[in-house]
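Subject: Structure handover and salt-bridge findings

Dear colleague,

Please find below the structure that I am passing on to you. My findings follow it.

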Amino acid sequence: MNSAARRALVRAVPAAALLLAVTACTSDSSGATPASASSSASSGRQQASTSAAPSASAERNTAMAIRVTIDGRPVDATLNDSPAARDFADLLPLTLDLKDFHQTERIADLPRRLTTSGAPDPAVPRAGDLAYYAPWGNLALYYRDGDSASADLLILGHVDADGLGTADRITIEAAS
């Protein structure tokens with residue numbers, strides 16, 4: 001075997017093994033083509049984050065109505081139907097003083113930690129998202145989009161309002 005053939009074989013064998021592994025791990029291999037399978041294998045980390053987005057979006061769309069007042073101004077808001085959001089709803093009513101964090105979010109300490117079991121896939125926080133940061137046990141109200149998804153950050157719901165970056169006080173109540 002000449003050296004060119006040997007190099008081609010050395011390159012082809014790992015790629016074939018990777019393609020077989022990806023195909024075997026997918027739930028529906030009938031729709032996978034070699035090009036899409038190798039594409040998702042080579043960008044596995046990116047593919048995982050984009051495939052998590054629909055789940056996170058669906059989680060954000062299953063809503064429980066809440067009443068939110070920010071600095072005395074009522075705003076529209078919802079909680080998603082995650083275990084953490086339901087646990088958060090058990091704390092209501094709450095009035096919290098907010099402080100700025102990294103010029104992206106307003107944060108406040110909660111009276112107790114929330115459950116993190118059954119958490120949805122990590123999602124990049126968007127402006128208006130109400131989130132729970134598990135390591136610190138605090139609530140975050142994003143007024144700018146976050147940088148990246150984190151398993152430590154659980155999106156609880158969304159607030160539809162402008163001017164969140166200057167919010168000093170938030171009152172959250174169960175909807176009647």
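The notes below concern the salt bridges.

This is a predicted model, in which local features need pLDDT of at least 70 and side-chain atom pairs count only at pLDDT 80 or more, while totals for chains, interfaces and linings use all residues. Residues are numbered from 1 along each chain as its sequence is written, and side-chain values use heavy atoms, leaving out hydrogens and water.

A salt bridge here is a side-chain nitrogen of Lys or Arg within 4 Å of a carboxyl oxygen of Asp or Glu. The count by this rule is six.

One of them joins Arg 67 to Glu 173, at 3.5 Å from N to O. This pair links distant parts of the chain, 106 residues apart: Arg 67 belongs to strand β1 (residues 63-70) and Glu 173 to strand β9 (residues 169-174). Strands are DSSP runs (E, at least two residues), numbered from the N terminus. Arg 67 is partly exposed at 37% relative accessible area, and Glu 173 is likewise partly exposed, at 26%. In these terms, buried means under 20% relative accessible area, exposed over 50%, and partly exposed in between (1.4 Å probe, protein chains only).

Arg 106 is buried, at 8%. Its side chain forms a salt bridge with Asp 168 at 3.3 Å, N to O. Here too distant parts of the chain are linked, as Arg 106 lies in strand β5 (residues 105-109) and Asp 168 in the loop between β8 (153-160) and β9, 62 residues apart. Asp 168 is partly exposed, at 46%. Arg 106 also forms a salt bridge with Asp 100, with the closest N and O atoms 3.7 Å apart. Asp 100 is partly exposed, at 34%.

Yours sincerely

Note on methods:
Helices (H or I, at least four residues) and strands (E, at least two) are DSSP runs, numbered from the N terminus.
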